Amino acid sequence: MFRRTCLQLRALSQSYLTSLQEINIRGLPAACLFSNSANISSNEPLPEKPSATEAPKKKKTAPIPRITLLNGADISISTLEDAQKIAKRRDLKLIKLLDLDTKTDRPVYRLMTGAEYHHEDLKQRETKTAIKAKYAFKKEKLLIMSQNITEHDLQTNINKLLKWISRRYEVRIVINGNSENSTKSENVFATIQKSVTDQGRIVQKRQKGSDIKFQILPPKEPKQTDDSDQNNDDKAEPPP
């Protein structure tokens, strides 16, 4: 009886060991399969290897700006650096004439000798002096009127002061008013202001007692560029 029991226990033990071996063997492929499925389910792209025949991409370089170069009667298209080299080699001055030519969308430069540059500079200075003399103020004119001036007389005075302004005179005007009623003085001033808006500039309006005082100046001098100074500033220096 004891022997039979030992044999049964031995058989159960062998059966249990066999079952454990089968479980371990079956578990191994399952783990491998889970690992492979995890790798397959990943959406990360694999890095592409560059092709041996594919040429490397070249970096884009900024275009070199071009200029219009005048040399006597000759007109050419060049770069500023080349124009500077020509000026240095020929002992000439490279002068900018235009920042941008609207027809060509290029700046315009001219090569000049020392004598040509001096002549052009003198010409520009004479032009500037003539413009200043033309727009310079002459002597002052004084015009006094009452706030009770008639419409006809007011228009006559306005025509007179417009003539003075056209001749580059500075006109000082005084409107004698009444402290008890300043409305008439303001109306006279408003009429004069409206009449000279396009031909003169009213400045320094002030109220002194019952009187209104102000000045009318001729139009401003048109803004002129000192080309000689600009040429000096824009003169292209030779490259280092």
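Visitor: What do the buried residues of α2 pack against?

Guide: In this predicted model, they pack against β1, β2, β3 (93-101) and β4 (106-112).

Visitor: And which residues of α2 are the buried ones?

Guide: Ala83, Gln84, Ile86 and Ala87, in a helix that covers residues 80-90. Looking down the axis of α2, you find the buried residues within an arc of 160°, so they line one face of the helix.

Visitor: What's exposed on the other side of α2?

Guide: Lys88 and Arg89 are exposed there. Then, just after α2, aspartate 91 has a positive phi of about 60°.

Visitor: Okay, the strands. How do β1 and β2 pair?

Guide: Antiparallel, over six bridges, with β1 at residues 66-71 and β2 at residues 74-79. Asparagine 71 has aspartate 74 in β2 as its bridge partner.

Visitor: How many residues sit between β1 and β2 in the hairpin?

Guide: Two residues. Glycine 72 is in that turn, and its phi is positive, about 70°.

Visitor: I'm curious about serine 76. Where is it found?

Guide: Serine 76 is in strand β2. Its contacts, if you skip the neighbours within four places in sequence, are Ile67, Thr68 and Leu69.

Visitor: What's the relative accessible area of serine 76?

Guide: It's 34%, so serine 76 is partly exposed. The cut-offs behind that are under 20% for buried and over 50% for exposed.

Visitor: What about β3 and β4, how many bridges join them?

Guide: Six, and the two strands run antiparallel. Across that pairing, leucine 98 stands opposite valine 108 in β4. Their hairpin has four residues between the strands.

Visitor: Which residue takes a positive phi in the hairpin of β3 and β4?

Guide: Aspartate 105, with phi near 60°. That's a positive value in a residue other than glycine.

Visitor: Is aspartate 105 buried or exposed?

Guide: Exposed, because its relative accessibility is 56%. Aspartate 105 is found in the loop between β3 and β4.

Visitor: Switching to the core. Which residues touch the most other members of the largest nonpolar core?

Guide: Met145, Leu161, Ile173, Ile175, Ile192, Phe214 and Ile216, out of 19 residues in that core.

Visitor: Which elements each supply at least two residues of this core?

Guide: β5 (140-146), α4 (151-166), β6 (170-176), α5 (183-196) and β8 (211-217). α4 gives the largest share, six residues.

Visitor: Where's the other core, and what's in it?

Guide: It lies apart from the largest one and has eight residues, including Ile67, Ala83, Tyr109 and Leu111.

Visitor: Back to isoleucine 173. What is it in contact with?

Guide: Leaving out neighbours within four places in sequence, isoleucine 173 contacts Leu143, Met145, Leu161, Ile192, Ile212, Lys213, Phe214 and Ile216.

Visitor: How many residues of β6 are buried?

Guide: Five of the seven, so β6 is largely enclosed by the rest of the structure. β6 also pairs with β5 in the parallel sense, over seven bridges. In that pairing, methionine 145 stands opposite isoleucine 175 in β6.

Visitor: And α5, which of its residues are buried?

Guide: Ser185, Val188, Phe189, Ile192 and Val196. They're on the same side of α5, because they cover an arc of only 95° around the axis. Their cover includes β5, α4, β6, β7 (201-208) and β8.

Visitor: How far apart are the end C-alpha atoms of α5?

Guide: 20 Å, which agrees with the 20 Å you'd expect for 14 residues at 1.5 Å a residue.

Visitor: Zooming out, how many helices and strands does the protein chain have?

Guide: Six helices and eight strands. Along the sequence, the pattern reads α-β-β-α-β-β-α-β-α-β-α-β-β-α.

Methods
Residues numbered from 1 in each chain as written. Predicted model: local features only at pLDDT ≥ 70, side-chain atom pairs only at ≥ 80, totals over all residues. Heavy atoms only, no water. Core = buried A, V, L, I, M, F, W, Y, C linked by side-chain atoms within 4.5 Å. Buried < 20%, exposed > 50% of the residue type's maximum accessible area, 1.4 Å probe, protein only. Contact = heavy atoms within 4.5 Å. Expected span 1.5 Å × (residues − 1). Arc of directions from axis to C-beta. Pairing = 2+ DSSP bridges.
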